[in-house]
Amino acid sequence: MSLYHSVHIGNLKVPGNLFLAPVAGYSDRAFRFICKENGADMGYTEMVSSEAIYRGSDKSEKLLLKAQNDPLFAVQIFGGNETAIFEGSSFIIKKYSPSLLDINAGCPVPKIIKSGAGSALTREPEKLYKMVKAAILATKETDNPALPVTVKIRSGWDSSHLSWKEAALAAYEAGVAAITIHPRTKAQGYEGKSDWSILAELVDLFKDKKHSSGSKIQIFGSGDVFSPEDAKNMLEQTKCDGVMFARGAMGNPFIFNQTKDLLTKGSYEEVSIQHRINTGLKELEILIEDSNEQIACREMRKRFCCYAKGFSGSSQIRMQIVQAQTFDDYKKIFSSFL
Ligand SMILES: Cc1cc2nc3c(=O)[nH]c(=O)nc-3n(C[C@H](O)[C@H](O)[C@H](O)COP(=O)(O)O)c2cc1C
């Protein structure tokens, strides 16, 4: 089988195995649209608070805008108690009809962990089991009882508490259709290297395990995929079913089609500076639609700094980007390249 292939997550068929990871502050509708346009097979929302969403938070609802070019809609939630996960899942399923619900069991942010969510759930597999059960129970009470529930875990709390195996097995017993692992510990945050040997072990552990739908449990890898070659290496070395791109896609959504080309044709083309800039401007246009020009232009500063990486005079460009207030400011900054 080619390294690039479709996957079944429970009953959900996804046309390929290259995904935009859930990334807070990035994977909103604008960026998911842009990634889909550039070859992502599915994009995850950033983590949405299961509690805030059913309590009526407008901010959380904004995270759930669907990219109109993507028929698939993967929503990630976080929560530290069963009621919140149940109520939040019910609300999201009924109002937003996602294609799958992913539970965050990897976030290392102290505020999230204190609430019992994020990587606290990789540390406490029994609790993770209950969260998955609560989400699955919510699906049963909607008109989409077969909606796949999945989890995203870390390797553990710290190097002396690697609980990924117990967490993955608990999630499986509770009924998940797929498991993504970012094989860093909570203590590592985003530092050091992610340990792909753990991903390979997880793939091996699940090679014969099936979901109630009859599909094989899918194992996806996340961590240090910064180039098409990295993605190919991850798929080859670990035999995982799919790859998630996070930091590697920031300002570089072209990585999806490039990876697809590398996997299917053996090579890929570089992207022109004009195309990079025009893609950033398109992302900004969608962001403006979803908020307003001032907010969108501010939000886009960090993202345009990523798009401009490697441009000649990039440090001077960055200084201008961090002051940009309007769409026209951005156009002026890049006019000499267009
Ligand atoms: C700024 C930032 C925000 C993130 N937000 C989320 C999130 O909301 N949910 C999640 O599961 N992971 C989140 N992650 C983790 C990524 O999905 C991914 O697992 C991690 O960055 C490792 O992949 P990479 O090395 O390719 O970046 C975030 C990472 C970063 C850098």
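Trainee: What covers the buried residues of α11?
Mentor: The cover includes β3 (18–20), α1, α10 (228–238) and β11 (242–245). This is a predicted model, where local features need pLDDT of at least 70, side-chain atom pairs count only at pLDDT 80 or more, and totals for chains, interfaces and linings use all residues. Residues are numbered from 1 along each chain as its sequence is written.

Trainee: Which residues are buried in α11?
Mentor: In α11 (residues 255–265), they are I255, F256, Q258, T259, K260 and L263. Buried means 20 or more other C-beta atoms within 10 Å of the residue's own; exposed means 12 or fewer, and partly exposed is in between, with C-beta atoms placed from the backbone. Helices (H or I, at least four residues) and strands (E, at least two) are DSSP runs, numbered from the N terminus.

Trainee: And what follows α11?
Mentor: G266, with a positive phi near 90 degrees.

Trainee: Switching to domains. Where are they?
Mentor: Domain 1 is 7–265 and domain 2 is 273–337. Those bounds come from an automatic or database domain assignment. The contact takes 11 residues from domain 1 and 10 residues from domain 2. Contact means C-beta atoms, placed from the backbone, within 7 Å.

Trainee: Which helix gives the largest share of domain 1's side?
Mentor: Helix α1 (residues 29–37), with 5 residues. By class, the side of domain 1 that touches domain 2 has 7 nonpolar, 2 polar and 2 charged residues. Ala, Val, Leu, Ile, Met, Phe, Trp, Tyr, Cys and Pro count as nonpolar, Asp, Glu, Lys and Arg as charged, and the others, Gly among them, as polar.

Trainee: How do the axes of α1 and α12 cross?
Mentor: At roughly 145 degrees, coming within 8 Å; α12 is residues 273–290. Axes are lines fitted to C-alpha atoms, for helices over the stretch in contact, and angles run from 0 to 180 degrees between N-to-C directions.

Trainee: Which residues make that contact?
Mentor: From α1, R29, A30, F31, F33 and I34. From α12, T279, K282, E283, I286, L287 and D290. That contact has 6 nonpolar, 1 polar and 4 charged residues.

Trainee: Last one. Which residues of α8 are buried?
Mentor: In α8 (residues 164–174), W164, A167, A168, A170, A171, Y172 and A174. G175 follows α8, with a positive phi near 120 degrees.

Technical notes:
Two residues are in contact if their C-beta atoms, placed from the backbone, lie within 7 Å.
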